[in-house]
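Hi there,

Here is the structure I promised to pass on to you.

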Amino acid sequence: MKPPVLALCASALLAALPASAQSLKPGLWEMKTKIASANPETMQALAMAQKEMANMPPEQRKMMEQMMAKNGMSLNLADGGGVAMKFCLTKEMAEKQELPSGQEGDCKTTRTPVPGGLNIAFKCSKPPSSGSGQIIFNGNTGYSMRMNVEGGGKAENMTVEGSGRWLAADCGAVKAK
């Protein structure tokens, strides 16, 4: 998989998380996403990365999984592909409406409340990306989302669908960023 595509999508999703984070429970969260692109090359790269990961020698796969786990990420090969990412939402972060963005550069995000959720629009400088979509809350322990994202160095349009769920009050080894 093109690493910038994965990084772009993961950081765009985290940057787009809700402004009303105080309504979400602090603790360990998991976000699962699936990426779709009209660009056959991107979809082929995603499929190839999943296949390569599944076929890696056990020691190489373990090393890759450990590297991804340090950033709270894992590939979700068993569930039809996609990315699973864990993040820690502290009480202070929830009170300040501050969520980890994973973004290296400046991002400007607008959040407009709608019944049951938020409309989101964002524009980031590193990597250059922009997008819009909607997040729908399922109480304070879950949400679903759909985003249209453009970026990745060249004009690339992707649709990212995802869901988030609260896992535990204790973040364990996953550190708040």
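**Disulfides**

C88 and C171 are joined by a disulfide, with an S to S distance of 2.0 Å. One thing to keep in mind as you read: this is a predicted model.

The C88 and C171 bridge has a torsion of about 80° about its S-S bond, so the disulfide is right-handed. C88 belongs to strand β3 while C171 sits in the segment after β8, so the bond ties together parts that are 83 residues apart in sequence. Both C88 and C171 are buried.

The structure holds 2 disulfides, and the other one links C107 to C124, where the sulfur atoms are 2.1 Å apart. Here the torsion about the S-S bond is about 110°, so the C107 and C124 disulfide is right-handed as well. This pair ties together parts that are 17 residues apart in sequence, because C107 lies in strand β4 and C124 in strand β5. Counting the bonded cysteines along the chain, the disulfide pattern is 1-4, 2-3.

**The chain as a whole**

Now for the overall layout. The chain has 177 residues, and buried residues make up 41% of them. Its secondary structure comes to 4 helices and 8 strands, arranged along the sequence as α-β-α-α-β-β-α-β-β-β-β-β. Among the contacts with a separation of 6 or more, 57% are between residues 24 or more positions apart.

Strand β4 (residues 107-114) and strand β5 (residues 117-125) run antiparallel and are joined by 8 bridges. Within that pairing, T110 stands opposite A121 of β5. The hairpin of β4 and β5 has 2 residues between the strands, and G116 takes a positive phi near 85° there.

On to the next partner of β5: strand β6 (residues 128-137) pairs with β5 in the antiparallel sense over 9 bridges. K123 faces S130 of β6, the two standing opposite each other. A hairpin through 2 residues joins β5 to β6.

**The nonpolar core**

The largest nonpolar core has 22 residues. Which of them have the most contacts inside the core? They are W29, F87, L89, I135, F137, Y143 and M147. The elements that contribute two or more residues to this core are β1 (27-37), β3 (83-89), α4 (91-95), β5, β6, β7 (142-151) and β8 (157-168). As general background, nonpolar side chains in soluble globular proteins tend to be buried together.

**Aromatic rings**

The structure holds 2 aromatic pairs. In one of them, the ring centres of W29 and F87 are 6.5 Å apart and the planes meet at 15°, so this pair is stacked. W29 is in strand β1 and F87 in strand β3, and the pair links distant parts of the chain, 58 residues apart. W29 is buried with a relative accessible area of 0%, and F87 is buried too, at 6%. Together with Y143, W29 and F87 form one aromatic cluster.

**Two charged residues**

The charged end of K25 sits over the ring of W166, at 3.9 Å from the ring centre.

E30 is found in strand β1. Why does E30 count as buried? Because its relative accessibility is 10%, and the cut-off for buried is under 20%. Leaving out residues up to four places away in sequence, E30 touches A84, M85, K86, S163, G164, R165 and L167.

Best wishes

Note on methods
Residues are numbered from 1 along each chain as its sequence is written. This is a predicted model: local features need pLDDT of at least 70, side-chain atom pairs count only at pLDDT 80 or more; totals for chains, interfaces and linings use all residues. Side-chain values use heavy atoms; hydrogens and water are left out. Two strands pair if DSSP finds at least two bridges between them. A nonpolar core is a set of buried Ala, Val, Leu, Ile, Met, Phe, Trp, Tyr and Cys residues joined through side-chain atoms within 4.5 Å. Buried means under 20% relative accessible area, exposed over 50%, partly exposed in between (1.4 Å probe, protein chains only). Contact means heavy atoms within 4.5 Å. Rings of Phe, Tyr and Trp (its six-membered ring) pair if their centres lie within 6.5 Å; planes under 30 degrees apart count as stacked, over 60 as edge-to-face and the rest as tilted. A charge sits over a ring if NZ of Lys or CZ of Arg is within 6 Å of the ring centre and within 35 degrees of the ring normal. A disulfide is a pair of cysteine sulfur atoms within 2.5 Å.
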